[in-house]
Amino acid sequence: MSQEQILSINNLTVEFGSELGTQTALHGISFVMQRGRTTAIVGESGSGKSVTAYSTLRLIEAPGRITAGEILFRPTGLPVFDILALRPDSDALYNLRGNQIAMIFQEPMTALSPVHTIGNQVMEAILTHRPVGKAEAFMQATDMLRRVGINNAAERMHQYPFEFSGGMRQRVVIAMALVCQPELLICDEPTTALDVTIQAEILALIRDLKDEFNSSVLFITHDLGVVAQIADDVVVMHQGRILESGSVRQVLKSPLHPYTRGLLGAMPGLPGLQPRRHDKARRLATVNDSQGTTDFGQHPLISLNDGRRVALPQAKIDEALKP
Amino acid sequence: MSGFILRRLLAMIPTLLIISVIVFILIQLPPGDIISATLASLQQQGMEVSTEQIAALRAQYNLDDPMVVQYLRWITHFVQGDLGYSIKYQQPVNTLIWDRLGYTVLIAVASLLFTWALAIPIGIYSAVRQYGFGDYFFTVVGLLGLAIPNFMLALILMYCGYSWFGVSVGGLFSPELAEAPWSSAKFMDLLKHIWIPMIVIGTAGTASIMRVMRANLLDELSKPYVVTARAKGVRPLKLIMKYPVRIAINPFISTIGWLLPTLISGEAIVSIVLNLPTTGPLLLQALLSQDMYLAGSFIMLLSILTVLGMLLSDILLAALDPRIRYE
Ligand SMILES: Nc1ncnc2c1ncn2[C@@H]1O[C@H](COP(=O)(O)OP(=O)(O)OP(=O)(O)O)[C@@H](O)[C@H]1O
Ligand SMILES: [Mg+2]
């Protein structure tokens with residue numbers, strides 16, 4: 001793993017047990033994240049995006065289990081280590097969570113405790129990881145709230161989540177995630193629950209703060225429009241497998257895999273096949289309409305010369321690459 | 001907040017007035033009154049009471065006045081702090097009732113604390129180790145506690161207390177100290193006795209509170225805000241206590257007020273078995289002998305406790321949950 005890579009996921013396999021037997025949520029996925037860049041994971045509901053994110057912080061809980069693989073993490077100036085090899089109660093793991101890697105969640109309405117003040121929750125992140133007193137933590141937290149665009153930050157520290165709008169809460173969650181200046185920020189559909197104008201503001205905020213803090217971002221979404229706005233690299237997932245990965249330009253401009261094409265085709269406003277429906281909520285459900293019920297992704301990923309990877313037989317790749 | 005409490009206190013007045021009317025009617029409802037009830041038992045023992053004597057008694061206690069007049073007399077005295085006169089005990093209700101009410105509240109509070117101290121940690125443990133050995137073990141023990149009748153447990157504990165610790169059976173005090181004025185020795189004696197009723201009354205609630213705590217906590221454990229805190233790197237023990245437990249415990253604290261009346265009336269059988277100087281046995285006697293002022297004033301006091309308890313619940317809930325406080 002080179003210096004430029006901050007995260008390298010190899011053969012990550014996650015299973016969920018149930019009375020009906022085990023279900024594999026991730027079938028040994030592998031990808032790398034370049035330092036300082038934003039990598040997007042895109043895929044429809046249930047494709048395993050969140051499971052990937054949760055695995056990175058070892059947040060998978062029973063009945064889920066990480067059964068194989070490694071997640072190599074290389075913080076700046078420190079030796080690389082395998083997150084999956086850390087003991088569950090080790091200091092290294094608790095230092096990882098929230099300090100080296102932080103996470104922003106999909107639902108700002110429920111991601112904050114309803115009975116603790118905003119200040120309490122943001123300060124907790126600092127007090128957990130930094131040897132500072134309450135007064136200092138309060139200052140840092142207030143400062144961070146100001147930087148994510150919350151007015152009257154000092155006053156609002158004493159308020160409760162229900163006194164904030166959805167967009168404002170998501171700003172609080174972002175502040176909470178960034179307050180320890182993590183090297184890697186994982187965003188699990190941070191804008192899905194927000195309306196479109198707020199969505200754009202939050203995306204801009206994440207982009208700006210990423211540059212300011214020199215972080216790398218793993219950005220999960222099911223919205224290719226968002227990918228186009230924020231990401232440098234993209235990983236396309238489907239049913240626990242990676243079908244295609246590469247730079248945003250490569251994947252969105254000239255997708256090789258029929259599934260990616262389908263995704264693009266189902267997207268109004270992006271080049272590709274004609275959109276069939278404009279209903280935003282149903283966007284991804286239309287993939288099957290344009291692609292039939294093809295069984296994607298049983299094929300292993302093949303790396304191309306230009307750094308792309310795609311899960312297709314060589315013949316199909318050649319065919320797709322033909323101008 | 002103080003405005004809220006004041007409003008609630010004012011709203012209690014009509015509630016209590018209505019309760020007082022219902023209480024009075026209910027007490028008068030069974031056929032006969034204290035005189036005829038006493039008369040019946042006297043006649044059973046073969047005594048003769050002349051009709052003049054009966055009429056004199058009835059007149060003395062104004063039993064022949066219309067109901068409304070009797071009610072008004074009772075309630076006007078009640079609000080002035082005069083709880084009436086117990087015909088059965090031939091004493092003012094005031095001298096009969098307050099000590100007992102005090103001990104009742106004491107036992108109720110002790111039992112409640114006992115229940116919580118036991119049930120809440122176990123509930124937390126069961127939720128965190130769901131389906132583990134401990135979870136099943138405590139479930140079985142809890143259900144046993146629920147299934148064993150209170151009086152039975154009382155008898156067993158009395159036996160244990162006597163044969164192992166030599167504590168005199170039953171009561172709240174040793175006989176030689178029962179009538180003595182308060183002293184540190186008497187207080188120690190109380191501590192030596194109170195644990196039996198505390199455990200007996202407490203175990204009944206333990207099983208259900210344990211299960212409710214477990215269910216509440218399981219609900220909370222999977223909430224997104226818990227995941228958020230985990231992702232922040234908060235350690236497990238702190239995480240569980242600060243977030244899910246804090247929220248799962250709300251319903252208990254906010255229903256303290258409702259528990260008071262059940263704890264007070266629930267101890268009647270136990271008190272009879274354990275011979276405790278509490279309200280339960282006295283209330284039962286008062287109702288059996290239709291001693292209306294005693295019974296009525298008693299029930300009124302319990303009602304006031306209940307209504308105050310509800311107010312207490314609301315205040316606690318508002319203090320605990322900011323979402324309610326600000327509405
Ligand atoms: N708690 C769980 N219990 C059982 N199975 C689970 C659980 N969480 C995830 N899974 C399984 O993992 C698969 C992937 O879920 P995941 O949450 O990663 O999807 P996702 O791509 O994040 O979807 P979405 O866009 O809806 O968030 C699901 O299809 C499901 O089968
Ligand atoms: Mg998800």
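Helices and strands are DSSP runs, numbered from the N terminus, and a strand has at least two residues. By that rule, Ser8(A) belongs to strand β1 of chain A, which covers residues 5-18. The model described here is predicted.

**Ser8 in chain A**

Ser8(A) counts as buried because its relative accessibility is 6%, and the cut-off for buried is under 20%. The side chain of Ser8(A) is joined to that of Asn10(A) by a polar contact of 3.4 Å. Setting aside residues up to four places away in sequence, Ser8(A) touches Met1(A), Phe31(A), Val32(A), Glu70(A), Ile71(A) and Leu72(A).

**Salt bridges**

Over all chains, the structure holds 19 salt bridges.

| Pair | Distance (N to O) |
|---|---|
| Arg87(A) and Asp89(A) | 2.9 Å |
| Arg146(A) and Asp143(A) | 3.9 Å |
| Glu212(A) and Arg147(A) | 2.6 Å |
| Asp91(A) and Arg235(B) | 2.6 Å |

Arg146(A) and Asp143(A) sit three residues apart in helix α4 of chain A (residues 134-147), a spacing of about one turn of the helix. Arg146(A) is partly exposed at 49% relative accessibility, and Asp143(A) is partly exposed at 33%.

The salt bridge between Glu212(A) and Arg147(A) links distant parts of the chain: Glu212(A) is in helix α7 (residues 196-213) and Arg147(A) is in helix α4 of chain A, 65 residues apart. At 47% relative accessibility Glu212(A) counts as partly exposed, and Arg147(A) at 36% also counts as partly exposed.

**Between chain A and chain B**

The size of an interface is often given as the accessible area lost when the parts come together. For chain A and chain B the buried area is about 2,300 Å², and carbon and sulfur atoms give 59% of it. Tyr94(A), Val115(A) and Glu124(A) supply 26% of the area that chain A buries against chain B, more than any other three residues. In terms of contacts, 30 residues of chain A meet 22 residues of chain B.

Five salt bridges are counted between the two chains. The side chains of Asp91(A) and Arg235(B) form a salt bridge. Glu124(A) is linked with Lys232(B), Lys238(B) and Lys242(B) in a network of salt bridges.

There are also 13 residue pairs in polar contact across the interface of chain A and chain B, with both residues at pLDDT 80 or more. On the side of chain A that touches chain B, the elements giving two or more residues are α2 (91-100), β6 (101-104) and α3 (118-129) of chain A. The largest share comes from α3(A), with six residues. By class, that side of chain A has 15 nonpolar, eight polar and seven charged residues.

**Asp189 in chain B**

Asp189(B) lies in helix α9 of chain B, which covers residues 184-221. What is the nearest side chain of opposite charge to Asp189(B), and how far away is it? The side chain is that of Lys192(B), 4.8 Å away. Asp189(B) is buried and has no salt bridge; a salt bridge requires the nitrogen to be within 4 Å of a carboxyl oxygen. Leaving aside neighbours within four places in sequence, Asp189(B) is in contact with Leu172(B), Phe173(B), Ser174(B) and Leu177(B).

Definitions and conventions
Residues numbered from 1 in each chain as written. Chains lettered and ligands numbered in written order. Predicted model: local features only at pLDDT ≥ 70, side-chain atom pairs only at ≥ 80, totals over all residues. Heavy atoms only, no water. Helix = DSSP H or I, 4+ residues; strand = E, 2+ residues; numbered from the N terminus. Buried < 20%, exposed > 50% of the residue type's maximum accessible area, 1.4 Å probe, protein only. Lys, Arg positive; Asp, Glu negative; His and termini not counted. Contact = heavy atoms within 4.5 Å. Buried area = accessible area lost by both parts, 1.4 Å probe. Polar contact = N/O pair within 3.5 Å; in protein donor to acceptor, adjacent residues only side chain to side chain. Nonpolar A, V, L, I, M, F, W, Y, C, P; charged D, E, K, R; others polar.
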